[in-house]
Amino acid sequence: SPESIIKDKNILIIGPGSSVKKNKNKIENFIKKNELFVIALNNSSGIDEKYINLRLVSHPLRIISDINFHKNISTDLILPFSMLPNELKKIMDFKNKILFDYSLLVKPKNKILIKSSYCELPNSLAISYALSISIAGKTKSRYVAGLDGFKRDNTVFDDTKRTLNLFRKKFRNLGLKSITRSKYNIKYIKI
């Protein structure tokens, strides 16, 4: 369960935005100063891999497209492993990392259910899965970087915006703070 990995930790979720690379030194210093547990979404980069404690993948197609990336790094991985087709599990024969399983069920309604071993979400966006893991894991605080946002007419922007609003509504004490500028409605703190 996520609790065994991140309970009472201050976490930083690294997204795919270019703001991570632009603020690399500041982010790395913030990680060191605050002893953050860092979770990177998919193959998000921009900071040195040595600062990333865990990588997260939530969608089977993303696992397939990033398979070589994950074979070439030793960072542990959390994903809905038990939900994957057997053919995909076979090609994920990673000798260089621990795979943590946290199941994800996608339900069409705007409902979020978070349990210790699985979550039910309205989508399989990596940020939705990451927030679920952070809640199931009972983290102390949650920071994000690299959730820059897209152009307003982008459907991913809309899905992410809707998801963040759903999480904020359901978990009033979510306390999500962004250490890089974001187009999403996330409290920004300057580092």
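What you're looking at is a predicted model, where local features need pLDDT of at least 70, side-chain atom pairs count only at pLDDT 80 or more, and totals for chains, interfaces and linings use all residues. Residues are numbered from 1 along each chain as its sequence is written, and side-chain values use heavy atoms, with hydrogens and water left out.

Let's start with the whole thing. The protein has 191 residues and a radius of gyration of 16 Å, which agrees with the value near 16 Å for a compact globule of that length; the radius is taken over C-alpha atoms, and the globule rule is 2.2 Å times the number of residues to the power 0.38. Along its principal axes, the C-alpha trace spans about 45 × 40 × 35 Å. Of the 191 residues, 49% are buried (under 20% relative accessible area, with a 1.4 Å probe and protein chains only).

The protein holds eight helices and 11 strands; these are DSSP runs numbered from the N terminus, with at least four residues for helices (H or I) and at least two for strands (E).

Three strands make an open sheet with mixed pairing, in the order S6-S8-S7; two strands pair if DSSP finds at least two bridges between them. Strands S6 (103–106) and S7 (113–114) are the edges, each pairing on one side only. S6 and S8 (residues 118–121) run parallel, joined by four bridges. Leu-104, for instance, has Cys-119 in S8 as its bridge partner.

How values were computed: Buried < 20%, exposed > 50% of the residue type's maximum accessible area, 1.4 Å probe, protein only.
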